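Hi everyone, thanks for coming.

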Amino acid sequence: IASPQSNDHDVAMKLRLYEREWHFYEELSGRVPVRVPTLLGSVKDEATGLITEGVLLEDLEVPGAVLCPKLDDDGVLKTVSAMARQHAMFWNMPELSSGALGIKPHNSPWYQPGWGEDVAGYWPRFEAKWRSRGVDGDAAGAGLPLEAYAAGKRIADSFAWVQNELSSKPHTFNHGDVKPPNMFMMPGNVPAFIDWQYTAVGKGCQDLVFFLIEGYEVAECRRLEALVMSHYHACLVHNGILDYSLEDLKRDWKLACMHFPFYVRAPTHRHIAPLAC
């Protein structure tokens with residue numbers, strides 16, 4: 001339900017997270033080729049003109065299902081395969097590109113200029129915090145190399161360009177927040193995805209980049225990156241996407257690192273490892 005008592009309620013309202021999740025379950029959940037909770041019904045408020053205030057969903061926590069699974073390499077690749085099916089199904093779909101599906105691209109007024117303004121506002125605080133640790137780090141943890149600050153400032157200054165590039169074709173329907181805490185591993189090693197609050201039109205690899213950065217420590221991200229990228233590209237080809245080269249994927253992968261992982265590092269939003277810098 002939309003809950004004003006939640007610590008994240010203001011963020012959810014600002015970023016239209018409730019709206020996006022209701023829309024997914026009511027309009028799209030029956031169309032995706034991945035396992036998601038079945039919509040059992042919607043909670044409507046007559047006083048607000050029957051606007052959805054919440055959704056009633058199938059409980060995926062059944063015997064043998066694991067929420068926030070500790071994935072081995074096979075589990076990681078099963079997750080990648082599932083997301084590749086999702087992305088291939090919606091790849092450059094006319095309904096997606098026209099807006100008929102109701103999913104917004106990253107350069108729509110929902111995100112632009114608001115997200116860029118947020119990034120510009122928090123970057124000075126982010127830089128000051130990490131510079132105070134020095135290159136070698138301090139008691140709070142590791143520091144950042146000096147070149148990271150110049151790179152980060154360039155990303156912040158060019159954030160609208162990043163949004164535009166990620167919104168361009170080829171694009172697809174992204175979950176937006178793929179990570180182990182937003183997954184179940186169902187019996188039979190079938191990944192299931194919950195928390196569809198960050199849906200967007202963008203580059204499919206955005207889901208995989210965030211999955212790694214949000215789910216794993218830096219060293220493990222580095223180990224998994226090439227494995228995941230190669231498997232994802234092979235899965236796209238297997239699912240009929242034949243005009244998207246590995247070089248195309250590598251370029252989009254870099255763009256993905258400069259978007260959502262960078263944005264959610266804001267001190268006032270969510271906290272993940274500063275890998276995007």
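Before we look around, one term: a residue is called buried when its relative accessible area is under 20%, exposed when that area is over 50%, and partly exposed in between. Please also keep in mind that this is a predicted model.

Glu-19, at 39% relative accessibility, is partly exposed. This residue makes a salt bridge with Arg-16, and their closest N and O atoms are 3.2 Å apart. Arg-16 is partly exposed as well, at 34%.

Now, how many salt bridges does the structure hold? The count is 15. Another one of them joins Asp-138 to Arg-133, with 4.0 Å between the closest N and O atoms.

Next, please find helix 9, residues 218–238. The side chains of Glu-220 and Arg-223 meet there in a salt bridge, 2.8 Å from N to O. These two residues sit three apart in the helix, so about one helical turn separates them. Glu-220 is partly exposed at 28%, and Arg-223 is partly exposed at 42%. Asp-73 joins in too: Asp-73, Glu-220 and Arg-223 are linked in a network of salt bridges.

What about a charged residue without such a partner? Asp-195, in the loop between strand 6 and strand 7, is buried yet has no salt bridge. The nearest side chain of opposite charge belongs to Lys-179, and it is 5.7 Å away. Leaving aside residues up to four places away in sequence, Asp-195 touches Glu-21, Tyr-25, His-175, Asp-177 and Asn-182.

Let's move on to a sheet. Strands in a sheet pair through backbone hydrogen bonds, either parallel or antiparallel. Which kind do we have here, parallel or antiparallel? This open sheet of three strands, in the order 3-5-6, is antiparallel. Strand 3 (66–67) and strand 6 (190–193) are at the edges, each with a single partner strand, so one side of each has no neighbour in the sheet.

Strand 5, residues 183–186, pairs with strand 3 over two bridges. In that pairing, Val-66 has Met-185 as its bridge partner. Towards strand 6, strand 5 makes four bridges, and Met-186 stands opposite Val-190. Strand 5 and strand 6 form a hairpin, with three residues between them. Look for Gly-188 in that turn, with its positive phi of about 85 degrees.

In a regular strand, side chains alternate between the two faces of the sheet. Where does that leave the side chains of strand 5? Both faces are covered: Met-183 and Met-185 are buried on one side, and Phe-184 and Met-186 are buried on the other. You can also see helix 3, residues 73–89, lying across strand 5 and strand 6, at about 60 degrees to strand 6.

Last stop: the cysteines. A search of the whole structure finds zero disulfides. Cys-235 is buried, at 10%. For Cys-257 the closest cysteine sulfur is also in Cys-205, at 8.2 Å, which again is too far. Cys-257 is partly exposed, at 22%.

That's my tour, and I'm happy to take questions!

Definitions and conventions
Residues are numbered from 1 along each chain as its sequence is written. This is a predicted model: local features need pLDDT of at least 70, side-chain atom pairs count only at pLDDT 80 or more; totals for chains, interfaces and linings use all residues. Side-chain values use heavy atoms; hydrogens and water are left out. Two strands pair if DSSP finds at least two bridges between them. Contact means heavy atoms within 4.5 Å. Axes are lines fitted to C-alpha atoms, for helices over the stretch in contact, and angles run from 0 to 180 degrees between N-to-C directions. Buried means under 20% relative accessible area, exposed over 50%, partly exposed in between (1.4 Å probe, protein chains only). A disulfide is a pair of cysteine sulfur atoms within 2.5 Å. Lys and Arg count as positive and Asp and Glu as negative; His and the chain ends are not counted.
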